[in-house]
Amino acid sequence: MESKTIQEYLKKKTVLVTGATGFLAMVFLEKILRVQPDVKKVYLLLRAPDINSARDRMHNEIIGKELFKVLREKMGAYFDSFISEKVVAIPGDVSSENLGVKDHKFRKEMFNEIQIILNSAATTKFDERYDIALDVNTFGVLHVLSFAKKCLKLEMLLHVSTAYVCAEKAGLIAEDLSTSLIDDIINNNFELHEKKLVEEKLNERKAQGASEEIITRTMKDLGTERAKLYGWPNTYVFTKAIGEIFLHHSKDNLPLVIIRPTIVTSTYKEPFPGWTQGLRTIDSVFAGYGKGKLKCLLVDPMSVFDMIPVDMVVNSIISAIVVNANQSSSHIYHVGSSFRNPFKFCDIQDIMFRYFTKFPWVTKDGKPIKVAKFRMLRTMASFRMYMQIRFMIPLQVLKFVSKAPCQYFKDLYANYSRKLKLVMRMVELYKPYVLFKGIFDDTNSEVLQRATNESYIDVKEFNFDPNCIDWEDYIMKTHIPGLEKHVIIK
């Protein structure tokens with residue numbers, strides 16, 4: 001039997017990447033360029049007013065990152081010319097028709113050349129403005145799909161979603177579409193209805209002379225309200241779920257893959273261990289704990305925290321593209337760890353305690369910060385009671401004192417009151433995930449890994465099997481040191 005490689009498939013291919021400045025997209029780009037320098041071209045869709053601004057964003061926000069240091073060293077003096085030859089920055093936006101690519105000649109060139117589309121464009125804020133979340137996560141998917149149908153040589157449209165489109169299900173969660181709402185969403189003309197609803201709300205607030213801050217709050221509240229009405233906990237997962245439904249309903253014969261990663265963390269191995277960008281979900285817990293500020297957390301200590309390193313997600317994406325290319329079918333893959341290599345919150349606490357005891361952060365005065373194990377509160381009721389005793393009652397005392405003719409107490413009360421409201425809002429947003437009772441079945445992903453094992457001799461370079469991860473070793477030696485080095489959270 002002829003030996004095949006994943007790298008060989010990528011040779012001379014033309015790829016379009018949306019959401020190009022995102023964490024996942026950058027790691028995908030680096031991997032493609034490093035393992036297959038004979039890729040023909042990679043178009044990067046970037047929000048920018050013109051081509052020069054798009055190029056500036058590409059170099060400043062993507063290529064200039066330390067992520068590319070291995071490729072830079074490998075290419076040496078040829079690196080800059082290599083990037084100029086292979087990577088093309090495109091000003092555009094998924095929220096616009098034709099992805100906002102205005103130049104007709106350039107658009108035609110893309111339609112004639114593109115073979116692979118990776119749609120990773122998304123706004124990931126849980127409480128994003130509803131109009132923005134719809135434009136990017138839902139209707140943006142339709143624009144990408146429309147663009148894909150015009151690409152004459154298209155072999156694969158791969159859409160990056162999230163495993164949490166499942167809403168707040170418990171138990172084993174299958175790699176399939178949430179079918180209960182498909183007919184309701186499609187038959188009731190969801191797109192026109194929601195656009196009209198958003199427009200009416202915006203016009204109402206503008207007619208009232210509302211400030212931009214009030215308009216933003218109105219749009220955020222509307223998103224949360226609509227999400228909960230349909231059965232999702234927040235605007236992000238709701239708009240991503242509807243985007244999936246639109247894709248499934250309108251794809252026709254396009255080859256389609258939906259990748260659903262769980263919580264994406266720093267690189268496991270490639271291009272080097274521990275690279276990350278910004279504080280991501282659990283990282284805020286690590287940071288707060290290392291600074292000695294985390295005293296309690298709303299979380300079930302026995303709940304499984306499903307995370308997966310970003311380079312493994314990228315390996316799954318590339319494998320899914322290669323295995324499913326040119327097939328007029330659709331596949332959904334959960335890419336996570338809860339099914340085959342579960343990791344509990346109580347284990348995370350133990351590891352954090354050992355790490356920050358052994359390698360304590362220091363105060364501004366240079367003194368080591370002592371950490372202690374924090375309280376884990378299993379229910380929202382117990383968390384509210386804790387907050388009532390620890391913060392709300394003292395706050396009421398401060399409120400009484402602030403009535404005295406002293407600006408200091410008034411400012412202090414206002415400051416603490418604002419912080420407490422922010423904490424409670426954040427807890428409400430994250431509650432569905434810290435108390436999550438689901439386990440993501442990854443049977444399809446396991447079949448995909450087996451298919452690559454059987455068919456491609458370079459499969460070890462594209463491993464995404466979570467079984468190989470030693471969570472304690474990864475967090476202690478890779479993830480937290482990576483945060484300290486690349487995010488500067490001390």
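User: In which sense do β1 and strand β2 pair, and over how many bridges?

Analyst: Two strands pair if DSSP finds at least two bridges between them, strands being DSSP runs of E with at least two residues and helices runs of H or I with at least four, both numbered from the N terminus. In this predicted model, local features need pLDDT of at least 70 and side-chain atom pairs count only at pLDDT 80 or more, whereas totals for chains, interfaces and linings use all residues. Residues are numbered from 1 along each chain as its sequence is written, and side-chain values use heavy atoms, with hydrogens and water left out. Here β1 (residues 14-18) and β2 (residues 41-46) are parallel, with 4 bridges between them, and L16 has Y43 as its bridge partner in β2. β1 also runs parallel to strand β4 (residues 116-119), again over 4 bridges, and there L16 stands opposite I117.

User: Are the residues of β1 buried or exposed?

Analyst: Buried means under 20% relative accessible area, exposed over 50%, and partly exposed in between, with a 1.4 Å probe and protein chains only. In β1, 5 of its 5 residues are buried; T14, L16 and T18 cover one side, while V15 and V17 lie on the other.

User: How is a pair of aromatic rings described?

Analyst: The description rests on the distance of the centres and the angle of the planes. Rings of Phe, Tyr and Trp (its six-membered ring) pair if their centres lie within 6.5 Å, and planes under 30 degrees apart count as stacked, over 60 as edge-to-face and the rest as tilted. By this rule there are 23 aromatic pairs. One of them joins F190 and F246, which is edge-to-face because the centres are 6.2 Å apart and the planes stand at 65°. F190 belongs to helix α9 (residues 190-207) and F246 to helix α11 (residues 235-250), so this pair ties together parts 56 residues apart in sequence. F436 and F440, by contrast, have centres 5.5 Å apart and planes at 15°, so they are stacked, and both are buried.

User: Which side chain does S338 join through a polar contact of 2.4 Å?

Analyst: A polar contact is a pair of N or O atoms within 3.5 Å; within protein, one must be able to donate a hydrogen and the other to accept it, and residues adjacent in sequence count only if both atoms are side-chain atoms. The partner is the side chain of D306. A polar atom of the S338 side chain also lies 3.1 Å from the backbone nitrogen of F440. S338 itself sits in the loop between β11 (330-335) and α14 (345-358), and at 4% relative accessibility it counts as buried.
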